[in-house]
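Morning, everyone. Let me put the structure up, and then I'll walk through it.

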Amino acid sequence: MNPTQILILIAAYFGVLILISYFTGKNDSNADFFKAGKTSPWYVVAFGMVGASLSGVTFISVPGWVDGSQFSYFQVVLGYMFGYFVVAYVLMPIYYRLNVTSIYEYLEQRFGFVSHKTGAFFFFVSRVLGAAFRLYLVAIVLQQFVFDAWNVPFEITVVISILLIWIYTNKGGIKTIVWTDTLQTLFMILAVILSIYFINESLGWSFSEFLASNELKEYSKVLITDSFLERSHFIKSFVGGMFITICMTGLDQDMMQKNLTCKSLKDAQKNMVSFSVVLVGVTFLFMLLGALLFIYAKKHNIGIPLMDGNPKTDLLFPEIALNGGLGITLAITFMLGLIAAAYSSADSALTSLTTSFCVDFLNIEKKPKDQQKSIRKKTHIGMSVMLIIVIIIFKYVLSSNVIDSLLTVAGYTYGPLLGLFAFGIFTKKQIKDKYVWIVAIISVILTAVIGNIPAESLGGYVVGYELLPINGLLTFIGLVLISRKQD
């Protein structure tokens, strides 16, 4: 598939998204942009959230990670599933009872002004980095396989990517995204299923023969239980995955904003539970695809693609799909899946950043009615520019597998949110609100110190995804220290 064909496909795809945004964004009101009028069908939200949760990171980075980690990531995914139940039955009832637009409004009602701003700030940092990770991944693929052929700089590729998202989210916001995410999830799931089918067909295998093959057994180790000291030990991965979900979904405005568009709490809970089951199954398919890609590459002597002179396993899937001699159908399927995966999370991230900044920092609901829409639109543009800058920076500083980097960063940025919400929900204590930001900063610093302690100094123990609950615990302890008697 040549660069011109890929560009035509991208243009057609975004033409469909813009058409959807035309119909869903006719009202162009802040109520629709932030909450979709609270009329979204729960099953539509649930299906669309699969694509938003997986994103381009899962689509490319999980298959590329299989060679180094085998199927051990599935331990984290099982933890995710347990975490979704906590979100559905502990956190969502609170949000619906308070009828919030931004979930961080809870912190102001529970603790005060500084706690609200501290929580919103840490979400803001988390989501900017998370969205930038995801968009960076799709940008390097487009750069490698499309724009390099025309000598277009990486920076221009990033600007084009963000501009396309801005165009179709500018008016409808979350109301548009609920429906575009559904289409994008469909393309993504079709892409992974068809990719597995075409590669198996090329290798002369049926799906059942692939599952029974000796080649798959080389990659399919799921449970790591040999030593608790290992970074990927089952208990550490499961617990880390559970807390990652609680934080990156339940304490994240991006993911919760979609749930808050459902008609009722009951519908939102049905959405969350059904979505969690589908997500586990789809993620397992991605790991099967990853094993299949490395098996295919080995049989056909396909090397790991290079980027800036370094091997990049994240690029193996696009290399095989576009240049592996498997036909135009797989190439088209891959590109549709990639675009869908990347933009299904990036568009909602841009919208949630706009929402959080307007509600949590600009107090848009207290501004004059005739200024509110203008403030939202200007903020939307500002968030787009900021994402462009961060993604470009990533090109020069990011070296490891993207999903590993994403989960590691989550351990630092979501920890204070975990501690704040846990303290608010599970205790009745009040705190000295003005010191909350200090507690959060100290917690992140201590977590960074713990995360960088050499394994030799800990008797061989390698710190992994448990950094997130450790960070949350440190924040919780800090809040206990600044607590006061209830008024």
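One caution before the tour. This is a predicted model.

Let's start with the salt bridges. How many does a search of the whole structure find? It finds 4. I'll take three of them, one at a time.

The pair to look at now is Asp252 and Arg127. Their side chains meet in a salt bridge, 2.7 Å from N to O. Where do the two residues sit? Asp252 is in the loop between helix H11, 234-250, and helix H12, 253-259. Arg127 is in helix H6, residues 113-145. So the pair ties together parts that are 125 residues apart in sequence. Buried or exposed? Asp252 is buried, and so is Arg127.

Next, Glu218 and Lys298. Here the closest N and O atoms of the salt bridge are 3.7 Å apart. Again, distant parts of the chain are linked, with the two residues 80 apart. Glu218 belongs to the loop between helix H10, 214-217, and H11. Lys298 belongs to helix H13. What about accessibility? Glu218 has a relative accessible area of 46%, so it is partly exposed. Lys298 has 54%, so it counts as exposed. The cut-off for exposed is over 50%.

Now Lys270 and Asp267. Their side chains form a salt bridge at 3.5 Å, N to O. This one is within helix H13. Lys270 is partly exposed, because its relative accessibility is 36%. Asp267 comes in at 16% and therefore counts as buried.

Stay with H13, because it also gives us the helix pair. Two packed helices are described by the angle between their axes and the distance between the axes. Helix H8 covers residues 174-203, and helix H13 covers residues 265-299. They pack at about 35°, and their axes are 10 Å apart. Which hand is the crossing of H8 and H13? It is left-handed. On the H8 side, the contact residues include Met188, Val192, Ile196, Ile199 and Leu203. On the H13 side, they include Val282, Leu285, Phe286, Leu289 and Tyr296. By class, the contact of H8 with H13 counts 15 nonpolar residues, 3 polar and 1 charged.

On to cysteines. A disulfide is a covalent bond between the sulfur atoms of two cysteines. How many does a search of the whole structure find? The answer is 0 disulfides. Two cysteines to point out on the model: Cys247 has a relative accessible area of 0%, so it is buried. Cys262 also has 0%, so it is buried too.

Now the backbone. Asn99 has a positive phi, near 55°, and it is not glycine. Asn99 sits in the loop between helix H4, 73-98, and helix H5, 105-110. Its relative accessible area is 48%, so Asn99 is partly exposed. The other point is Asn151. Its phi is also positive, about 55°, and again this is not a glycine. Asn151 lies in the loop between H6 and helix H7, 154-169. At 70% relative accessibility, Asn151 counts as exposed.

Buried or exposed? Thr157 has 0% relative accessibility, so it counts as buried. What does it touch? Beyond its neighbours within four places in sequence, Thr157 contacts Ala139, Leu142, Gln143, Phe147 and Val152. Compare Ser115. Thr157 and Ser115 are 42 residues apart in sequence, yet 38 Å apart in space, C-alpha to C-alpha.

Another threonine: Thr354, in helix H15, residues 328-361. Thr354 is buried, because its relative accessible area is 0%. Setting aside residues up to four places away in sequence, Thr354 touches Phe33, Arg376, Thr379, His380 and Met383.

Last stop, Ala448. Ala448 is in helix H19, residues 436-451. Its relative accessibility is 27%, so Ala448 counts as partly exposed. How does Ala448 stand to Phe113? They are 335 residues apart along the chain, and their C-alpha atoms are separated by 27 Å.

That's the tour. Questions, please.

Technical notes: Residues numbered from 1 in each chain as written. Heavy atoms only, no water. Disulfide = S-S within 2.5 Å. Buried < 20%, exposed > 50% of the residue type's maximum accessible area, 1.4 Å probe, protein only. Axes fitted to C-alpha atoms, helices over the stretch in contact; angles between N-to-C directions. Helix = DSSP H or I, 4+ residues; strand = E, 2+ residues; numbered from the N terminus. Left-handed = near helix turned anticlockwise from the far one by under 90°. Contact = heavy atoms within 4.5 Å. Nonpolar A, V, L, I, M, F, W, Y, C, P; charged D, E, K, R; others polar.
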